[in-house]
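Colleague: I would like to learn how to read a protein model. Could we go through one together?

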Amino acid sequence: MTSPSTRPVRTRYAPSPTGPQHIGGIRTALFAWLYARRHGGQFILRIEDTDQKRTVPGSVDLILQALDWLGMDIDEGPREGGEFGPYVQSERLEMYQTWAAWLVDQDRAYKCFATPEELAEMRKAGAGYDRRYRDFPADRASELEAQGKPCVIRFKMPLGGVTIGDDMIRGPVEFDNEQLQDAVLLKSDGYPTYHLAHIVDDRHMRISHVARAIEWLPSFPLHIQIWRALGWKMPQYAHLPVLLNPNGKGKLSKRKQQFADAGGKSVPVLMHEFIDAGYLPSAVMNFLTNIGWNYGDDEEIFSTAQAMERFDLKDVSPANSAYPIAKLDWLNSQYIKRASVDELCRLLKPILEEAGYAVDEERLKQVVPLLRVRLKSTRDVVPIAGFFFADWASFKAPSADILIQRKMSRESTAAVLRGAIPVLQALESFSHVAQHSAVTAYAKSSGFKNGQVFGSLRAAVTGQKVSPPTFETMEILGKQESIRRIKLALQSITGSES
């Protein structure tokens, strides 16, 4: 087969606009995109909407949203244009009809007048289409057409021998032609099937490499024969393994599901679910690239640019892979830790505002460094740090179950809070370092453990069981506000301020 060095690399992602983008389709797009970028080629988006009954309005926008969010730039497509358009199949019908007719003229295809009822009978017999119109006389076919009888155009598959194809991932693959049927190329409504349309498009768009799902491997011999019948140079094909459920059993569904080995939580499978769940695009890219392909050097975290330097479709594993969603959560937390303060502020501010908080940007810059090691998702910012941006004047003391720490009682908690107030009031500097030193000394002298004292203060000033570090939080809140909240907590747990 032709190597990238002797043929300009042009890959494509050709989804059907049938609804939200599934993660499996996006991984196919990613592998095609990475291959093109590594070889300095072009990545084309083509919309395959020939199945009009399944087309869902708004789907193209979801496709573009997913690719844009991940940073997968498109060289040619419905939005970008290009010299090989149009890039929507329903706008190219005349071209498919022309080539289907050409195949008929060359005796490589034929018109089939089998009715739905006839086809149903054939299926019931269990043999599939019986090729009854394969050698139908041309004059009889013309008579039926003149009578207005609908017909499809079917490809004349070789009746014997084998078809051998070269898959970039699996190497040579051999198929027995006798096991294959004469597939429909053009439907009676003038729309092509995938079998014809993608070949005509790939040829006219000069596609050099086709990355597609393993489900198309059984159709590979048919497509090879169509390429040969048309006399065109065939691109190299890579049939990608499927994504399995996290438990390794069955193909990953197109619907969100729950799996015990994913902690019982719902597993996102559609791209908008990843966006809504607070995953970073860089983490998702790293995650997807590593399913079925390995960066090497035992490196689990790598940038898209690094992957681009090494990626090759030939290195993709032929084995199906379980969907390692727990790894994505870990990767996302690692990317959050590595993100700059400015980047995290940009990501977290709209989430806080969406939750109803008025975000002070300077305060957000103070808070973000405290959150890096605590966020698995950007959405975690609301339950963990939303209190920083709530109306401080309306803060209410937390309930006793939040205030009272492990192995503490209502009385001991009150004693801790009561004793900490003068210690904090006496501080000239309210830095977290000064607080930590003074409160540690107080805990030692009072006979309480550090965790008990720190935890009681954290709960008192945040009203939460989980929050950023206690003294850094109090430094941001300020001395006056922190002590006010501690007094409110003391009043709540004792019924008085003293």
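**Reading the model**

Modeller: A compact globule of 498 residues would have a radius of gyration near 23 Å, whereas the protein has 32 Å. The radius is taken over C-alpha atoms, and the globule rule is 2.2 Å times the number of residues to the power 0.38. This is a predicted model, in which local features need pLDDT of at least 70, side-chain atom pairs count only at pLDDT 80 or more, and totals for chains, interfaces and linings use all residues. Residues are numbered from 1 along each chain as its sequence is written, and side-chain values use heavy atoms, with hydrogens and water left out.

Colleague: What box do the C-alpha atoms fill?

Modeller: Along the principal axes, the box is roughly 105 × 50 × 40 Å.

Colleague: How many helices and strands does the protein have?

Modeller: Helices (H or I, at least four residues) and strands (E, at least two) are DSSP runs, numbered from the N terminus. Here there are 20 helices and 13 strands.

Colleague: What percentage of the residues count as buried?

Modeller: Buried means under 20% relative accessible area, exposed over 50%, and partly exposed in between, with a 1.4 Å probe and protein chains only. Of the 498 residues, 51% are buried.

Colleague: Why does Gln464 count as buried?

Modeller: Gln464 counts as buried because its relative accessibility is 15%. Gln464 sits in the loop between α18 (450-462) and α19 (470-477).

Colleague: Which residues does Gln464 touch?

Modeller: A contact means heavy atoms within 4.5 Å. Leaving out residues up to four places away in sequence, Gln464 touches Pro383, Ile384, Phe387, Ile402, Arg458 and Ala459. A polar atom of the Gln464 side chain also lies 3.2 Å from the backbone oxygen of Pro383.

Colleague: Where is Asp298, and is Asp298 buried or exposed?

Modeller: Asp298 is in the loop between α9 (281-289) and α10 (304-310). Asp298 is exposed, because its relative accessible area is 81%. Its phi is near 55°, a positive value in a residue other than glycine.

Colleague: What is phi of Lys407?

Modeller: Phi of Lys407 is near 60°, again positive in a residue other than glycine. Lys407 lies in the loop between α15 (400-403) and α16 (410-425), and with a relative accessible area of 70% Lys407 is exposed.

Colleague: Which form, cis or trans, does the peptide bond from Gly85 to Pro86 take?

Modeller: That bond is cis, with omega near 0°. Pro86 belongs to the loop between α2 (59-70) and α3 (93-105).

Conventions:
Polar contact = N/O pair within 3.5 Å; in protein donor to acceptor, adjacent residues only side chain to side chain.
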